[in-house]
Amino acid sequence: MEKNTVLSLRGLVKQFDNVTILDGIDLDIRQGEVAVIIGPSGCGKSTLLRCINALEPVQGGEILLEGEPVAAGGKNLPRIRQKIGMVFQSYDLFPHLTVMDNITLSPRKVQKRSREDAEQEARELLARVGLSDKEKSYPRELSGGQKQRVAIVRMLIMHPEILLFDEVTAALDPEMVREVLDVMLDLAAQGRTMLIVTHEMNFARAVADRVIFMDEGRIVEEGAPDDLFDHPKTERAGAFLNMFTFESVRA
């Protein structure tokens with residue numbers, strides 16, 4: 001593994017009921033890199049992220065985070081998971097807790113940080129994402145975009161080494177999508193290491209250092225955004241990207 005490689009996947013295989021979902025994935029993510037995974041629904045993108053975070057066991061290959069193996073049930077998993085931040089499409093906020101308590105629960109319980117320390121950092125992060133006035137609100141009082149920004153803050157306060165985003169705008173109304181994507185663009189500008197699954201092609205092009213196209217559980221093609229979007233090398237990637245191009249049907 002190269003010196004500046006944060007995450008390394010080798011020959012990763014994932015199966016459900018003898019159906020292969022991931023078929024020999026090889027992938028390296030470098031420190032400070034923003035890699036975006038695109039591809040048709042059902043190609044294995046979200047499953048790949050869940051395997052990286054050991055939310056799903058794998059049937060073959062290995063996952064290394066900073067040289068350490070990541071495996072479901074591994075003795076080092078609680079410590080390793082603190083280095084992997086993940087934000088899901090469904091927010092997963094505790095409905096009975098305020099925004100502040102949702103954010104500070106893990107740093108206080110898992111990292112044994114003081115309430116004062118955790119709340120101070122939470123306020124700084126909430127200010128950064130434009131939610132300073134929401135710390136006493138409950139999730140039911142927030143819009144979808146606000147919930148997703150809280151979920152991002154909840155991840156950031158744990159100081160992860162790599163940030164995983166799984167279709168975080170898929171459940172949002174169009175007006176809310178931009179406020180979440182702006183936060184992610186800001187994180188990319190800060191030099192955060194990020195692996196993003198998205199169907200937002202314009203966002204992928206704007207934020208990515210590298211775009212990875214997956215299909216049928218394999219990495220078909222990868223490259224710089226302009227190269228992959230404008231000059232795909234494989235017929236399959238070209239056909240997929242052509243689905244997002246429309247010509248006028250009016251005379």
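Predicted model: local features only at pLDDT ≥ 70, side-chain atom pairs only at ≥ 80, totals over all residues.
**Strand β9**

I started with strand β9 (residues 210-215): six of its six residues are buried, so the strand is largely enclosed by the rest of the structure. Buried here means under 20% relative accessible area, with exposed over 50% and partly exposed in between (1.4 Å probe, protein chains only). Helices (H or I, at least four residues) and strands (E, at least two) are DSSP runs, numbered from the N terminus.

Residues are numbered from 1 along each chain as its sequence is written, and side-chain values use heavy atoms, with hydrogens and water left out.

Back at β9, I looked up which way the side chains point. Arg210, Ile212 and Met214 face one way, Val211, Phe213 and Asp215 the other, and all are buried.

Next came the partners of β9; two strands pair if DSSP finds at least two bridges between them. Strand β3 (residues 34-38) runs parallel to β9 and is joined to it by four bridges. Across that pairing, I found valine 36 opposite valine 211. Strand β10 (residues 218-223) runs antiparallel to β9, with five bridges. Phenylalanine 213 has glutamate 221 of β10 as its bridge partner. β9 and β10 make a hairpin with two residues between them, and glutamate 216 in the turn has a positive phi of about 50°.

**The open sheet**

I then traced an open sheet of four strands, in the order β2-β1-β4-β5, with antiparallel pairing. Its edge strands are β2 (19-30) and β5 (68-69), each pairing on one side only. Nine bridges join β1 (residues 5-16) to β2. One pair I checked there is leucine 7 with isoleucine 29 of β2.

Helix α1 (residues 45-52) lies across β1, β2 and β4 (60-65), at about 115° to β1. Axes are lines fitted to C-alpha atoms, for helices over the stretch in contact, and angles run from 0 to 180 degrees between N-to-C directions.

**Helix α3 and its neighbours**

How do α3 (residues 99-109) and α4 (residues 115-128) cross? Their axes come within 9 Å and cross at roughly 130°, and the two helices are therefore oblique to each other. For angles, under 35 degrees counts as roughly parallel, over 145 as roughly antiparallel, 65 to 115 as roughly perpendicular and the rest as oblique.

I listed the residues that meet (contact means heavy atoms within 4.5 Å): Val99, Met100, Asp101, Ile103, Thr104, Pro107 and Arg108 in α3 face Arg115, Ala118, Glu119, Ala122, Arg123 and Leu126 in α4.

The axes of α3 and α5 (residues 144-156) come within 8 Å and cross at roughly 25°, so this pair is roughly parallel. From α3, the contact uses Val99, Asn102 and Ile103; from α5, Val150, Val153 and Arg154.

I also noted the buried residues of α3: Val99, Met100, Asn102, Ile103, Thr104, Pro107 and Arg108. These pack against α4 and α5.

**Alanine 188**

My last stop was alanine 188, in helix α6 (residues 174-189). Alanine 188 is buried, with a relative accessible area of 19%. Leaving aside neighbours within four places in sequence, alanine 188 is in contact with Val34, Met194 and Val207. I also looked up alanine 151: C-alpha to C-alpha, alanine 188 and alanine 151 are 17 Å apart in space, and 37 residues apart in sequence.
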